[in-house]
Amino acid sequence: ALHGVVALDGPSGTGKTTVARRLAAELGAGYLDTGAMYRVVTLAVLQAGADPHDADAVVALARSVRLDVATDPDRPSVRLDGADVGESIRTPQVDAAVSAVSAVPEVRELLVQRQRTLIGDVAARGGGIVVDGRDIGTAVVPDAPLKVFLTASAAVRAARRGAQDTAAGREADQAAVLASVERRDRLDSSRAASPLRPADDAVEFDTSDLSIDQVLVALTELAGTRG
Ligand code: C5P
């Protein structure tokens, strides 16, 4: 079983979330989807009718809402003020607004603190945890024994995101999905506060030509030696 932290970072559509969940289940570890936390705050902003670019309003909402996160890889869940929002955080509206929300330094401070507490709770029980995000290896857990940065070509990432949408019963317009994925990665990589980038000591994997199973085999092996 895994005892440490596996930091799994990378842009959207690399298969990161699927890989992270399955890796956690396989290693008997916890699973933390930090992207879901930024999405919940974004959903709260949209539901309140606030402007995602109004940093003061965004910070006030981030401070006032209740966010509950479950770290079981078989049943990951996020709640906003008690309501399960696992599906409503994956809409094109949230996709379009989340990068503005996640670029606000106070929002990041608040959520990173929560993430460290959640990770600490799992560690206190003697368990390991796979943490999925953009800044886990660089900012949230800079001393993680294993850091992985997944990449894939933009076309492959858009195709994967589109397939996820279709599987979830949402309509997927491939060109729109590609544009949205590229825009979000550009914003996430260029923000001032903990931008999306690989840590110096991260193992980088280009998953463009790999199946989820192949990535999983490689990561399970790495976690066995370094986790
Ligand atoms: O992983 P996911 O695509 O759900 O993440 C949604 C958004 O949340 C990202 O595009 C990014 O803006 C933000 N995010 C972040 N830091 C993380 C995880 C996600 O800024 N650790």
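Me: Which residues are linked in a network of salt bridges?
Reply: Arg-39, Asp-95, Arg-161, Asp-165 and Arg-170 are. A salt bridge here is a side-chain nitrogen of Lys or Arg within 4 Å of a carboxyl oxygen of Asp or Glu.

Me: What kind of model is this, and how are residues numbered?
Reply: This is a predicted model, in which local features need pLDDT of at least 70, side-chain atom pairs count only at pLDDT 80 or more, and totals for chains, interfaces and linings use all residues. Residues are numbered from 1 along each chain as its sequence is written, and side-chain values use heavy atoms, with hydrogens and water left out.

Me: Is Asp-165 buried or exposed?
Reply: Asp-165 counts as buried, because its relative accessibility is 9%. Buried means under 20% relative accessible area, exposed over 50%, and partly exposed in between (1.4 Å probe, protein chains only). Arg-170 is partly exposed at 26%.

Me: How many salt bridges does the structure hold?
Reply: The structure holds 13. One of them joins the side chains of Asp-213 and Arg-22, at 2.7 Å from N to O. Asp-213 lies in helix α9 and Arg-22 in helix α1 (residues 16-27), so the pair ties together parts that are 191 residues apart in sequence. Helices (H or I, at least four residues) and strands (E, at least two) are DSSP runs, numbered from the N terminus.

Me: What about Asp-188 and Arg-191?
Reply: Their side chains meet in a salt bridge too, at 3.7 Å from N to O. Both residues are buried.

Me: What does Ser-99 touch?
Reply: Not counting residues up to four places away in sequence, Ser-99 touches Arg-184, Leu-187 and Asp-188. Contact means heavy atoms within 4.5 Å.

Me: Where is Ser-99?
Reply: Ser-99 is in helix α4 (residues 92-102). It counts as buried because its relative accessibility is 6%. Ser-99 and Ser-189 are 90 residues apart in sequence, yet 9.9 Å apart in space, C-alpha to C-alpha.

Me: New topic: where is Thr-207?
Reply: Thr-207 is in the loop between β8 (203-206) and α9 (212-226). Its relative accessible area is 1%, so Thr-207 is buried. Leaving out residues up to four places away in sequence, Thr-207 touches Thr-14, Leu-150, Thr-151, Ala-152, Arg-160 and Val-215.
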